[in-house]
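Subject: Structure handover and notes

Hello,

Please find the structure below. My notes on it follow.

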Amino acid sequence: TNKDRDDIVQVLKDLKFSVFVHNDLKKAEVLETLEKWSKKDHTDCDCLMIVIMTHGDKELCASDVSYPVDSLWANFVGNKCPSLIGKPKIFFIQACRGTAVDDGVKYKPIHGRVRLNDQMDGRNFKELNSSPPMADLLMMYSTNEGFYSFRNKEKGSWFIQSLCKELSDEPSERDLLTLLTDVSRRIAYEYQSSHKEEKFDNKKQMPCIVSKLTKTFYFTEKTECKLYEERKN
């Protein structure tokens, strides 16, 4: 929706991102745009973030036909985009992933905390100079595979609006995965559908995070933002 788009653009600009918007692209245009950005020099950038808002099922919908979701990051992995090696490549996907709806489950509040202690096995490794091609990717889907993703025509989608709120609330104080966990918690416990059709009434939604990050990532404060067009060759 326009509200989701405008809100996330403003939040990212406040975080000093260079933001570029593409509306209602056809499949060929989507793939061409992704390839174009993969060929740019991202040396001076801290990360890449792509936000997709569309319809979907098993695939994502362009304005004409659908395309596989992994097309979003295919051009940015490994040596296909050398200037992003070792840097976070973040993908937020607001789209349905099926037609199932989440009925939710009644629960009793649990008091206290469970503490887990994991011990690392200390070993000596030889120095390595390579990394897996899929390293440092993070994908967050608005809903679980096979499930519906809710959106209000006036107020926007649950996912993008929750993401905007968390990114606006002192984002530099939390690492990215903690921030996104807060997004998931907000959607899980603060949202429930209200719809005239019984099938879609009183339903829940659970986002899905797939992290392949190799380091802790913070949105640190920036004082300057250079657009790609402003850089000298």
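Two strands are taken to pair if DSSP finds at least two bridges between them. Helices (H or I, at least four residues) and strands (E, at least two) are themselves DSSP runs, numbered from the N terminus.

This is a predicted model, in which local features need pLDDT of at least 70 and side-chain atom pairs count only at pLDDT 80 or more, while totals for chains, interfaces and linings use all residues. Residues are numbered from 1 along each chain as its sequence is written, and side-chain values use heavy atoms, with hydrogens and water left out.

Overall

The protein chain has four helices and eight strands. Read from the N terminus, their order is α-α-β-β-β-β-β-β-β-α-α-β. The chain has 233 residues, of which 39% are buried; buried means under 20% relative accessible area, exposed means over 50%, and partly exposed is in between (1.4 Å probe, protein chains only). Its accessible surface is about 15500 Å², and carbon and sulfur atoms contribute 47% of that. These areas come from the Shrake-Rupley method with a 1.4 Å probe, and for residues only the protein chains shown count as cover.

A contact here means heavy atoms within 4.5 Å. Among contacts in the protein chain with a separation of 6 or more, 78% are between residues 24 or more positions apart.

Confidence

pLDDT is the predictor's confidence in each residue, from 0 to 100. The average for the protein chain is 87, and 85% of the residues score at least 70. Over residues 112-125 the pLDDT stays under 50, and the model has zero contacts beyond four places in sequence for them. Where pLDDT is low, the predicted coordinates should not be read in detail.

Strand E5 covers residues 137-141, and five of its five residues are buried. Leu-137, Met-139 and Tyr-141 point one way from E5, while Leu-138 and Met-140 point the other way.

E5 is joined to strand E4 (residues 89-94) by five bridges, and the two run parallel. Within that pairing, Phe-91 has Met-139 as its bridge partner in E5. E5 is also joined to strand E8 (residues 208-211), by four bridges, and here the strands run antiparallel. Tyr-141 stands opposite Cys-208 in E8.

What does Ile-209 touch, leaving aside residues up to four places away in sequence? Ile-209, in strand E8, touches Leu-138, Met-139 and Met-140, and also Leu-177, Leu-180, Thr-181 and Ser-184. Ile-209 counts as partly exposed, because its relative accessibility is 29%.

Asp-182 is in helix H4. Its relative accessible area is 13%, so Asp-182 is buried. The side chain of Asp-182 makes a polar contact of 2.6 Å with that of Arg-174. A polar contact is a pair of N or O atoms within 3.5 Å; within protein, one must be able to donate a hydrogen and the other to accept it, and residues adjacent in sequence count only if both atoms are side-chain atoms. Beyond four places in sequence, Asp-182 touches Glu-166 and Arg-174.

Glu-173 lies in the loop between helix H3 (158-168) and H4. Glu-173 is exposed, at 59% relative accessible area. Glu-173 and Thr-220 are 47 residues apart in sequence, and their C-alpha atoms are 8.5 Å apart in space.

Positive phi

Lys-16 is not a glycine, yet has a positive phi of about 70°. Lys-16 sits in the loop between helix H1 (2-14) and helix H2 (27-38) and is partly exposed, with a relative accessible area of 40%. Asn-202, also a residue other than glycine, has a positive phi near 60°. Asn-202 is in the loop between helix H4 (176-190) and E8, and is partly exposed at 42% relative accessible area.

Cysteines

How many disulfides does the structure hold? The number is zero, where a disulfide is a pair of cysteine sulfur atoms within 2.5 Å. The cysteine sulfur closest to that of Cys-45 is in Cys-47, and at 8.1 Å it is too far for a bond. Cys-45 is buried, with a relative accessible area of 14%. Cys-164 is buried as well, at 6%.

Regards
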